[in-house]
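Trainee: Please take a close look at the ligand and its surroundings. I would be grateful for one connected account.

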Amino acid sequence: MTDLDSTFPLTFTLTPSEAVRAEVEREAILADPGFGKHFTDHMVKIDWTLADGWHDAAVIPYGPLLLDPAASVLHYAQEIFEGMKAYRHADGSIWTFRPEKNAERLQRSARRLALPELSTDDFVESLKQLIAADGAWVPEGGETSLYIRPFMFANESFLGVRSAQKVGYYVIASPAGAYFPGGVTPVSIWLSTDYARAGRGGTGAAKTGGNYASSLLPQEEAYANGCAQVLFLDSSEAKYLEELGGMNVFLVKKDGTLVTPESSSILDGVTRDSIIELAKARGHKVEHRKVTLDEWRDGVASGDVVEVFACGTAAVVTPIAALKGDDFLVGDPDAPAGELTMSLRQELTDIQYGRIPDVHGWLTRLDA
Ligand SMILES: *Cc1c(COP(=O)(O)O)cnc(C)c1O
């Protein structure tokens, strides 16, 4: 069920919102946006049907969707999404980071969830169209951004169990303040032993809401134990590191080697891929392979593992001070952030915000 027929790129219509927020109201929101609380004035919508493929691409006023109670997504969770950011550079221009990676991942997620694929060109154009309408919502200064959430779901009114023949793709956007307003602080994470995030042959490698639904209960357990996030192990042997609920992980060895888990049931992060590239360019060895929990535990004990961090678009890079479980503690919850962790974080954000040259060709301009 593919629909990558992009010899005819989609053309978008615009229906301007009649409820565009006044500049003062927008500026008040942008002064303290938080995360995921406020949304811009418009959204993108593209319809898909089995008979007609992708059609009716439009920028329309942001607002509630009217869903039939039998809409298939509400029953069988046929849904996928992406998460990316628009960054305002010092000269006012608006850029995003490696959008083709997100487009390709959305295509892979679509294949796994039996949803139609949207071409990379149409995906990138959908972001530009939203920014053309709502560019004023991209905050400036500090580590602020406009968080962009493309998503796709089955919207056929049908309770039979099969892939839907009617689908919607949407893009919404939400201004975001700095993830660490008081400066980057290391976190402790919780090792989930009762729950797995994904199993062999499941949907772990797809960015789909169901993976998040299953991570919420263990996440509650993490909070109850004073931790910020959960670490999941592989589901069959509970021996190998997988990832956090929404971030990938790295161990840093004493000799400067970076190690990150290889698994068919984790999400292939754009941030992780970029950090691998940056570390290699600096001459670090990077190992993408199976990593046991013991390697972390014993490595911290012997001094061979000197830094641990998590990465993803929202927080970029988060230092991990300690791993806690029911009956153990690895690391020191009060340990400071690792040096390499922080310098890779700095380099990546410097590229994203246009403070150093984009020698990897990772940025795409959205407002021109
Ligand atoms: C989105 C996501 C990540 C991070 O991916 P980025 O492309 O770096 O933002 C990691 N793990 C999961 C489960 C995710 O959904």
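Mentor: A polar contact is a pair of N or O atoms within 3.5 Å; within protein, one must be able to donate a hydrogen and the other to accept it, and residues adjacent in sequence count only if both atoms are side-chain atoms. The model is predicted, so local features need pLDDT of at least 70 and side-chain atom pairs pLDDT 80 or more, while totals for chains, interfaces and linings use all residues. Residues are numbered from 1 along each chain as its sequence is written, and side-chain values use heavy atoms, without hydrogens and water.

Let us begin with the ligand. In the side chain of Arg105, an N or O atom is 2.8 Å from an oxygen atom of the ligand. Lys207 places a polar side-chain atom 2.7 Å from a ligand oxygen, and for Thr271 the corresponding distance is 2.6 Å. The protein covers 96% of the 380 Å² of accessible area (Shrake-Rupley, 1.4 Å probe) that the ligand has on its own.

Around the ligand stand 15 residues (a heavy atom within 4 Å), of which Lys207, Tyr212, Glu243, Thr271 and Thr313 come nearest. This shell comprises four nonpolar, seven polar and four charged residues (Asp, Glu, Lys and Arg are charged; Gly counts as polar, Tyr as nonpolar).

A pocket is an open set of points on a 1 Å grid with protein on both sides within 12 Å along at least five of seven lines; in a cavity, a 1.4 Å probe fits but cannot get out, and lining residues have an atom within 4 Å of a point. Two or more lining residues come from each of strand 7 (145–154), helix 5 (209–224), helix 6 (270–281) and strand 15 (305–312) (DSSP runs; helices at least four residues, strands at least two). Helix 5 contributes the most, six residues. By class, this lining holds 15 nonpolar, 13 polar and five charged residues.

Finally, the whole structure has one cavity of 30 Å³ or more. The largest cavity contains about 90 Å³ of space, and its lining includes Thr271 and Thr313. Strand 5 (84–88) and helix 6 each supply at least two of its lining residues, and strand 5 gives the largest share, three.

Technical notes: Grid points are joined across faces, edges and corners, and a volume is the space filled by probe spheres set on the points.
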